[in-house]
Amino acid sequence: MNDELKELTTRSGGQCELCSANTQLAIYKVPKSPNVGTDASVLICDTCHTQLENPEKVDVNHWRCLNDSMWSQVPGVQVIAWRMLTRLRAEGWPQELLEMLYLDDETLEWAKATGEADDPEDTIVHKDANGGILQAGDTVVLIKDLVVKGANFTAKRGTAVRNISLVHDNASHIEGRVNGQQIILLTQYVKKSTA
């Protein structure tokens, strides 16, 4: 038995740190950990491991164990509890537990590092006039003459705008430089350049 396994076995009392099972235990390195060693690892059973790694194999009722383990003082256990409760929150009871769970700022940042809380419906996607997805740094071409308010010029159709940046809270706006001026452009009037 290596030192880390010994330390985790002592810390956990020889039980899965999530569901308290005492067979088929192994070290699980919690993804995106800012720490190393036992602070970045938990001792878990094969059932928990399988369900953490394969979301399609999740048995929602198995994770009712988090009702107890989420109160652990071990940051890695808190992170896994938060991630699983977030993943299962549509079931109702996990949302209630999430509302009770407290993580300090550093632990919460670690928990969110995998993007578990990101709701795909909340993600803003910028699309050009043809429906092509725009990324920061792309080059776009104007598809119509645009009068630039406050700058007293017209950005002509066909003008290339290089190295655009995205307006993060508005899917219909991007920013770029035209005639040396930083301006906001509507995505409906640009198309992504492939050149």
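By salt bridge I mean a side-chain nitrogen of Lys or Arg within 4 Å of a carboxyl oxygen of Asp or Glu. This is a predicted model, where local features need pLDDT of at least 70, side-chain atom pairs count only at pLDDT 80 or more, and totals for chains, interfaces and linings use all residues. Residues are numbered from 1 along each chain as its sequence is written, and side-chain values use heavy atoms, with hydrogens and water left out.

The structure holds three salt bridges. One of them joins Lys192 to Asp138, at 3.3 Å from N to O. This pair links distant parts of the chain, 54 residues apart: Lys192 is in strand β10 (residues 190-192), and Asp138 is in the loop between α6 and β3. Helices here are DSSP runs of H or I with at least four residues, strands are runs of E with at least two, and both are numbered from the N terminus.

How exposed are the two partners? Lys192 is partly exposed at 34% relative accessibility, while Asp138 is buried at 14%. Buried means under 20% relative accessible area, exposed over 50%, and partly exposed in between, with a 1.4 Å probe and protein chains only.

Next, Lys29 pairs with Glu4, with the closest N and O atoms 3.0 Å apart. Lys29 sits in strand β1 and Glu4 in helix α1, so the pair ties together parts that are 25 residues apart in sequence. Glu4 is buried, at 17%.

Finally, Arg11 and Glu17 meet at 2.9 Å, N to O. Arg11 is partly exposed at 32%, and Glu17 is buried at 11%.
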